[in-house]
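Below is a walk through part of one chain of a predicted model. Please keep the sequence and the structure in view while reading.

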Amino acid sequence: MSTELAETPIMGRRFRPRWATTTATTTQNEFPDISVASQVTQSLVEGTRTYVAVAYARQKLHSLPPSVGRLLLFEGAPEQVGHVEDAIATSTLVPYLLAANSAWSALFSHSQYRSLLPSVLDGDEILNWDAAIEVAPERPSGTLLVTFKYAGRGRPTPVENPWDD
Amino acid sequence: MRQQRLPAPAYPQAYPWFGVIEGDELEQGDILESCPVFLPPPDLDVHAERPVNATLQWKEQDLIVMSQSCDLVKGRRGVEDVLLCAIWKRSEFTGGHFLEKDSEMENARKGRFPAVHVLAASTIAGLEREVRVVDFQRVYSLPVGFLRRRAGMARRLRLLPPYREHLSQSFARFFMRVGLPIDIPSFTAKKK
């Protein structure tokens, strides 16, 4: 199991608290109640198993606040993974992770899980450039009475020529 | 015999976040606590012809050195003023501050707030410190001689590689940000 998945910034809705654990070693422990995923796995050729991450979204919000990011882990074959491998390799957000006609579609056609499908992401939602410590915490402070004296114009710092050696 | 599994340490000994420094050597990542910074009044007016008396405000600030270590080597000509950023203890964010919330601190930890950078807690004996936040929007400079003297007054923490470079990179990312006046329209927004 690739533990880089833990850092893949994929957004989602809160489903069950323990699904937030992204460093699990087996999908069975993580998602015992997703039987469809197991069925997909059984159809695979031995030795071609791989783990993939599927982003899912908070449908109510449409946009995806990072704080609700969660991962779903499944077993699958490389040809079923589709875009997902890219998502893991680049550790970037990929809005649509599911190939339209992949075996994963079966899982997400269930109404119970349809809301897990990823929605559109916007780059601005990943980084919040406006978040800032606008009001600084209080610190001890005081005042100084000072006399400013002119010390002349500033001069450039002499720099040694690196080619002189 | 079955091997006993031990939980992974929070901060593996091989890659400690902090070291302890004594003396006036300065490097990028050095933390100076309760260091005075000086704030000239906005209406300060000085003249070359005559001295001017004025009241200057100062405040205590925990600071972290952002200047490059190679510019701070003693005995070599480097910078005359050291670039510093303010750092705040996590517990200082109170009264509804957004970083009071665990969820927002988690966003900060993951680098989703480019204006801040989270430092791990220190468990070094005598220098135990809680998680702190570097504030890239509060940048100061102090003369290197002044800062060396302050640095020599007490043992202090030094952020070690690669955490130091991680901080430096975050600062660079924040500093070099570019806002486009006219952005390319979103490809995914709903068309009207």
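**Strands, a helix and a ring cluster in chain B**

Strand 5 and strand 6 of chain B run antiparallel and are joined by four bridges. In this pairing, His117(B) stands opposite Val134(B) of strand 6. Strand 6 of chain B also pairs with strand 4 (residues 81-89) of chain B, in the antiparallel sense and over nine bridges. Here the bridge partner of Val134(B) is Ile87(B).

Helix 1 of chain B (residues 102-109) has Met105(B), Asn107(B) and Ala108(B) as its buried residues. These residues lie on the same side of the helix, because they cover an arc of only 155° around its axis. They pack against strand 5 (116-119) and strand 6 (132-143) of chain B. Just after helix 1 of chain B, Gly111(B) has a positive phi of about 85°.

Next come the aromatic rings. Over all chains, the whole structure holds seven aromatic pairs. In one of them, Phe136(B) and Phe171(B), the ring centres are 5.2 Å apart and the planes are at 50°, so the pair is tilted. This pair links distant parts of the chain, since Phe136(B) belongs to strand 6 of chain B and Phe171(B), 35 residues apart from it, to helix 3 (residues 163-175) of chain B. Phe136(B) is buried, at 2% relative accessibility, and Phe171(B) is buried at 12%.

Phe171(B) also forms a tilted pair with Phe175(B), with centres 6.2 Å apart and planes at 40°. The two are four residues apart in helix 3 of chain B, so about one helical turn separates them. Phe175(B) is exposed, with a relative accessible area of 65%. Ring pairs link Phe136(B), Phe171(B), Phe174(B) and Phe175(B) into a cluster. Over the ring of Phe174(B) sits the charged end of Arg177(B), 4.1 Å from the ring centre.

Technical notes: Residues are numbered from 1 along each chain as its sequence is written. Chains are lettered from A and ligands numbered from 1 in the order in which they are written. This is a predicted model: local features need pLDDT of at least 70, side-chain atom pairs count only at pLDDT 80 or more; totals for chains, interfaces and linings use all residues. Side-chain values use heavy atoms; hydrogens and water are left out. Buried means under 20% relative accessible area, exposed over 50%, partly exposed in between (1.4 Å probe, protein chains only). The arc is that of the directions from the helix axis to the C-beta atoms. Contact means heavy atoms within 4.5 Å. Two strands pair if DSSP finds at least two bridges between them. Rings of Phe, Tyr and Trp (its six-membered ring) pair if their centres lie within 6.5 Å; planes under 30 degrees apart count as stacked, over 60 as edge-to-face and the rest as tilted. A charge sits over a ring if NZ of Lys or CZ of Arg is within 6 Å of the ring centre and within 35 degrees of the ring normal.
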